[in-house]
Amino acid sequence: MPMDTSVQSRRVYRFGLFEADANSGQLLRRGTRVKLQDQPFRLLVVLLGHAGEVVSREQLRQKLWPSDTYVEFDGSLNNTLKKLRSALGDSPENPTFIETIPKRGYRFIAPVAVEEVQVEAAAPPAVVVEQGPVKTGELTASHGLETPTRQRNRILIYGAALVLVLLVGLGWYAFRDRARPGTTSHSKINSPPSLRKSVAVLGFHNVSGRADDGWLATAFSEMLSTELAAGGKLRLVSGEDVANLRLSSPWSQTDSLGQETAARIGTALNSDLLVLGSYANIGRPERKQLRLDVRLQDARTGEILAEVAEIGSSQNFFQLISRTGVKLRDRMGVPGAAETDEPSMIASLPSTPEAGRLYTLGLARLRDYDASAATALLEQAIKADPKFPLSHSMLARAWSQLGYEQKRKEEAKRALDLSANLPRVNQLQVEGDYYESLAQHEKAASTYQALFVLIPDSVEYGLQLARAQHEAGQGSQAMETIAQLRRLPPPASADPRIDMAEAWITPKNKPDTLLLIRNAIAKAAAQDKKLMYAQARKDECIALIYGDHPDQGVASCEEASKILVAAGNRLGAADAMRVIGDSQGAQGHYEQAIVTYQHALAILQGLGEEHEKTGAILNNMAGAYINVGQLDPAEQLYRKAKHHFEQAGDRGNTGTALGNIADVLYLRGKLSDAAKLYRQAIDSLALLDPSEPAYAMYRLADLELAQGQTKKAQDLAAQAVDLMRPTHGGYQYLTGAMAVLGDALMAQGDLAGARQQYQQALETRQKLGEQDLVAESQVSLAELSFEEGHPEQAETLLRPAIAEFEKENGTPDATGAYTLFSRTLLSEGKLEEARKAIHHAAELGRHSPDPALTLPLTIQKARVEMAAAAGSAGRLALTTASQELRSAIATARKLGYYQIECEARLALAGANLKANPALGRPQLETLEKETHERGLELLSRKAQSLVSSDQSSLAYR
């Protein structure tokens, strides 16, 4: 006879890890009650009811403090808000949930799901109730009878420790798919596999609310997932995918779901069946009894297919999971795992319950994007069980998230060494992760290929294979893997990550890439996959920023950052903000970029030492400071970035930071110090990849040229070009190296060779549409035309280049261009225009610390003054100009700028030749010989030309 029940309705708000029941006044975090007084809770409910809207302080006063209540309102509200934020772990400076809008009010900014929950008041079940062919009324308390066939040795497996085998972090990795060796060895990767029935274990609600029991929720989920996955007949949705969906689109912590909610979750997780339930301590404390209630639901219809209630000792609760798993398997028509699978399954377990508890806690923290806390827990788990390979594997993931690449490699190697007895799927995953940590992408791709052949219906395994193939330079194979994923039956083939992966690995066709990304955005939105949506929006932001519409990309990154912050993924949110800063800097908005980078750093606060992303933000912020002429903070930030990269064990970015510090020293005129760091960067980066040192090489080439070492400069620049040209990237640096090579050739008098390099760089930059770089090439060609004796051509090239620099706020580039423009005008006899140009250059460069800009500016200013000299006033101007040139010569000699020193000596000797030939001629003859010996043939020819013209003048007279 059916039991009478009464139905009640309650409104539940879910956000992040929290659930607020408006009727009961309870706030739960992961099912555990959070202590919160009535007034702060009421304030929370008001904000949740107006999520995304600004709620004024006056509105809050009317709702929370009626007119007949007499309190000091401002102080009371501030205190209430403080308590609420404390309970949520929120910060007013970097809010995840409650944002303060100055002078307006407050806004709840995290995604909120609202559901009217129908609650049946009934006695708790003590029996298994199963629909369909399953028998009803079977007693399943811990003392209930089991048949020998069902009991087998399963209890022995779970009697040792927790079963926790899922990987966390990237969302493409999972350890749950277990297939017996040989079961799929004959499957062909090019033929679409049939999809296994998919199951998502959504988690278990801690009914007792005891915080000490909270870790069991993850433990039960992992153990039951492993139990169901044994034998490879079911496809288990990864625990991190479930966790990510709960963070971004939370649902009620109940024992069952309504049809609409079940369908939403099933669609988002590509799951056919959902498993969920609750657990509680029952009976007298000394007996330590646990009750586990589990329900199996159809994800499409919400129909309850089976209900299982189990009671057992908390000291040996593994038997609860074993019995529950057997019953669920029976209901789904899936046989148990073969006895031959059991040794490998035992190897998948920690050897002690304490090690399992610590591993579970670490796993949960990693899924909450708290890698710092996860490392501490996983290290404790390893101390409790040093030989459990999956603890080492997870710790490697945690170190990677924090940017400690060396520690990641060490733990990945330990996991590999201990993995021999794991199931084949686990072995391959651990092996592939190890090769990835070493950046041995070909070996990783080969390993992941074997894994995908073994489990061909796994989108996760296919995606990680495609990524590794791309990293290994196997572009066509990566595209075939993507095609294989698209041939999977739906809904797997409609996974938004497939479009995102193809956009990432496809040749850089910007329209096609953007189309793929926007397809992923649409799919993620339709499937309610908010974190995937956020990642796709971030990808869209990057495509736009580095494409033709940089101004349109910022909104995409801002939305992605808000979603990621609300979900607790501060690393991803900070990275999105960094991309915005990069965009602002690329458009010349350096002050805005600095503010954005500071915001990104603020987001990372409280996460422990996250070296890799912190280093990247500091490094890029330093570049913005350089562009506003603030070298002191730039150098400090570069050195801090270098420290973070070193701590992370990232030799590549450490070398990059070394080169950047060298750039600052070069700008300061500290040539020997800069050269030393460039060489260190080259040596360090060469150990990673032959092409890595190319940037530092051509920067050192430029420095060697400034010191008058033309042959060294040419060799280094040519080597940099050769290293970068086969990879076609990045073009900005390749064309920069070509420009330096052209400069070295021009200094040696090879004007035709210089023109070839400049012209190739210009054509490449024009194809890329990089107008600021095109302008740089125009300046190089203008200087070459000037040296070839065609100042009118130089003038034609300089005018649009200057306009572009001024539009882009490129002050250093504009300063150099105006200096050359003045030389060009002066040689054309346009004295007044030349004077205006050099005065403008002096105004632009008045705060520049770069001797390579200021010294040529001083020399040209002296040339203009000497050209304008006439009469007695002219003699004073000549004397002043000569003093300026002598000062420039002394400064250049002291700093080591030999080429600029010779330019100043040429200008001074030329002036002396007119005023006092007996003084000027020997100076020019000495300069001609000296520059010839150093390979500075262009300067040598100029000196020789001046001497020859003077001799011709004497002969004529």
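I take contact to mean heavy atoms within 4.5 Å. The model I am reading is a predicted one.

**Entry: Asn809**

I looked up Asn809 and found it in the loop between helix H34 (791–807) and helix H35 (811–827). With neighbours within four places in sequence set aside, Asn809 is in contact with Gly588 and Tyr590. I also checked Gln587: its C-alpha atom is separated from that of Asn809 by 8.9 Å, although the two residues are 222 residues apart along the chain.

**Entry: nonpolar cores**

I then turned to the largest nonpolar core, which has 110 residues. Which of them touch the most other members? I wrote down Met621, Tyr666 and Tyr678. For Tyr678 I listed the contacts beyond four places in sequence: Gly659, Ala662, Asp663, Tyr666, Ala696, Arg699, Leu700 and Leu703. A second, separate core has 29 residues, including Leu216, Phe220, Leu234 and Ala306.

**Entry: confidence**

I looked up pLDDT last. The protein chain averages 81, and 84% of the residues score at least 70. Where is confidence lowest and where highest in the protein chain? I found the lowest mean, 24, in helix H5 (residues 154–158), and the highest, 95, in helix H29 (residues 694–706). Over residues 119–189 pLDDT stays under 50, and the model has 220 contacts beyond four places in sequence for them. Residues 1–7 also stay under 50, with twelve such contacts.

Key: Residues are numbered from 1 along each chain as its sequence is written. This is a predicted model: local features need pLDDT of at least 70, side-chain atom pairs count only at pLDDT 80 or more; totals for chains, interfaces and linings use all residues. Side-chain values use heavy atoms; hydrogens and water are left out. A nonpolar core is a set of buried Ala, Val, Leu, Ile, Met, Phe, Trp, Tyr and Cys residues joined through side-chain atoms within 4.5 Å. Buried means under 20% relative accessible area, exposed over 50%, partly exposed in between (1.4 Å probe, protein chains only). pLDDT is the predictor's confidence in each residue, from 0 to 100. Helices (H or I, at least four residues) and strands (E, at least two) are DSSP runs, numbered from the N terminus.
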